[in-house]
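Dear colleague,

Please find the structure below, handed over for your study. My notes on what was found in it follow directly after.

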Amino acid sequence: MNVVIYARYSDSKQREESIEGQLKVCCDYAEKEGYNIIGEYIDRAISAKTDDRPQFQRMIRDSSKKFFQGIIVYQLDRFARNRYDSAHYKHILKKNGVTVISARETITDDASGILVEAMLEGMAEYYSVELSQKVTRGMNINAEKGLSNGGTTPLGYRIENKRYVLDEERAPIVREIFAKYADDWSMKKICDSLNERHITTAQGTSFNKNSLHTMLKNRKYLGIYIYNGHEIPGGMPQIINKDLFDKVQEKMIANKKAPARARAKAEYILSGKLFCGYCKEKMTGHSSNQISKKGVIFNYYKCKNSGKGKTCNKKMVHKDYIEDIVVNECRKLLTPQNIRKIAKEVVKIALSMDDRSEMKRLESLIQKAQEEKSNQMASLRACKDDTIREMIFEDLGKIGADIKELEKQLEVEKARHYVMTEQQVIAHLTKLTNGDIRDKTYRKSLIRLFVNKIFLYDDRITITFNTGDEETTITDVLLSKIENGLSGKNLCVLNNAVHQDKTL
Ligand SMILES: [Zn+2]
């Protein structure tokens, strides 16, 4: 897996790891986990005026290019300033297939924080729309500013007065390319046809599969203006309609010739949360190399310290078997009474975690500027000298512009502090009670939301939940099921890793 490292230094904290220190921990971690580091983004000093983190924003933009699949941070608090930002940006990254990995927090803790974040993430679809609407409404997101530093202009557009406008001559080429691809033309055939006619890419080069691929994935053609990780639908002229765009995306996925093994790759949804009860080491997901004639792979979790010549005797456990148990336990938490309790708690924690210092700082700057303005106005009234009056007028103009700018910033900042209501959380959780237990996304979101950590022994299992409930007391029925599953014939076969997973 290709990863990048993000490091940031903020002097607001008393004890702060240096950038170099953060990088070292992240590099070590990447090496240990076998990740391939392909870049670093570092925000060294954040100016006192704004906290816009230019490198962070660049990283979010770059994530859409799909060069990396993970971002390693020293600690999760390096990633985002607050839970709201975190949920917002993680949602964008998720769409680009990128996950955020913390180098230091191996055993998950801060259960309540995780619950809030997971809740926000779960609601992110809704939340993101709400947020970007507010931001758009509030200030048109400094649109001119964003548009002027846009990088390469995609084919089919040109810049006029710093804005994207349709390039009437070349926009039809874009439509032609999408239409041909949707009409089952191969990438090669399309490239050949364009190159024969000496049509060039936005960079002025001839077409190849890569440039075509980038084009066909560019959501700007839908008229979505993408800026600093925010998306503004209708923010620029649309060239491709949604039906055609979606059709092309489906075709691209279908045409991707992934090897059979990779396509069947299992997702170990308990990774990072499942620990060996005996040695407390992580249990990680594996697939056996033994593939049956039917092409089925056998998936299991195994303690990192166990195996030939290692120190721990923990038996391995069948992936679906243990996941089913945990998912079922999560479902049990979703009683109406519990949902109300969780909602109340989540909203309370979210409010207490919400860092509003930036908002307060902007408010006080605006207030100061306004005082300055009224002082100048008073001087103006008292002043008889024309030269001095002119200077005061000039000052007043500047102060006025400053106030406008600060007010814009404040509006964006306010939009960031989205407040979840209990009703929203209850609605979201209630929706989860009706999920299909075999649905992978559903299983994942339940675990992400509720499970803090699991210690697995050969005869029992303890689950700690993010809800702050005590470790689960596993019922007799469940315990006996585990014992049967783990000590029976089943497990001997599992340990020999020749068992074939029939449920896959
Ligand atoms: Zn162990």
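In what order do the three strands of the open sheet stand, and is their pairing parallel or antiparallel? The order is 10-11-12, and the pairing is antiparallel. Strand 10 (283–287) and strand 12 are the edge strands, each having a single partner strand, so one side of each has no neighbour in the sheet. Five bridges connect strand 10 with strand 11 in the antiparallel sense. Within this pairing, threonine 284 is placed opposite lysine 302 of strand 11.

The model is predicted: local features need pLDDT of at least 70 and side-chain atom pairs count only at pLDDT 80 or more, while totals for chains, interfaces and linings use all residues. Residues are numbered from 1 along each chain as its sequence is written, and side-chain values use heavy atoms, with hydrogens and water left out. Helices (H or I, at least four residues) and strands (E, at least two) are DSSP runs numbered from the N terminus. Two strands pair if DSSP finds at least two bridges between them.

Strand 13

Six of its six residues are buried, so strand 13 is largely enclosed by the rest of the structure. Here buried means under 20% relative accessible area, exposed means over 50%, and partly exposed lies in between (1.4 Å probe, protein chains only). Strand 9 (residues 274–276) runs parallel to strand 13 and is joined to it by three bridges. Strand 14 (residues 461–465), by contrast, pairs with strand 13 in the antiparallel sense, over five bridges. Leucine 456 takes part in both pairings: its bridge partner is cysteine 276 on one side, and isoleucine 461 in strand 14 on the other. A hairpin of four residues leads from strand 13 to strand 14.

Glycine 277 belongs to the loop between strand 9 and strand 10. With 5% relative accessibility, glycine 277 counts as buried.

Salt bridges

How many salt bridges does a search of the whole structure find? The search finds 19, a salt bridge being a side-chain nitrogen of Lys or Arg within 4 Å of a carboxyl oxygen of Asp or Glu. Three of these pairs are described below.

Lysine 304 is bridged to glutamate 33, with 3.7 Å between the closest N and O atoms. Lysine 304 lies in the loop between strand 11 (299–303) and strand 12 (317–318), and glutamate 33 in helix 1 (residues 19–33), so the pair ties together parts that are 271 residues apart in sequence. Lysine 304 is partly exposed at 29% relative accessibility, and glutamate 33 is partly exposed at 25%.

Lysine 180 and glutamate 176 form another salt bridge, their closest N and O atoms being 2.9 Å apart. Both residues lie in helix 8 (residues 171–182), four residues apart, which is about one turn of the helix. Lysine 180 is buried at 17% relative accessibility, whereas glutamate 176 is partly exposed at 22%. The C-alpha atom of glutamate 176 is separated by 9.4 Å from that of isoleucine 190, 14 residues away along the chain.

Glutamate 267 forms a salt bridge with lysine 440, at 3.9 Å between the closest N and O atoms. This pair links distant parts of the chain, 173 residues apart: glutamate 267 is in the loop between helix 12 (260–263) and strand 9, and lysine 440 is in helix 18 (residues 440–450). Both are partly exposed, glutamate 267 at 32% and lysine 440 at 47%.

A charged patch

Finally, Glu372, Asp385, Asp386, Glu390, Glu394 and Asp395 form a negative surface patch. Such a patch is made of residues with over 30% relative accessible area and no salt bridge, like charges being joined within 9 Å. Helix 16 (residues 386–416) supplies the largest share, four residues. Glutamate 394 lies in helix 16 and is exposed, with a relative accessible area of 54%.

With kind regards

Note on methods
Patches are made of residues with over 30% relative accessible area and no salt bridge: like charges are joined within 9 Å, nonpolar side chains (Val, Leu, Ile, Met, Phe, Trp, Tyr) within 5 Å. Accessible areas come from the Shrake-Rupley method with a 1.4 Å probe; for residues, only the protein chains shown count as cover. Lys and Arg count as positive and Asp and Glu as negative; His and the chain ends are not counted. The place of a charge is taken as NZ of Lys, CZ of Arg, CG of Asp or CD of Glu.
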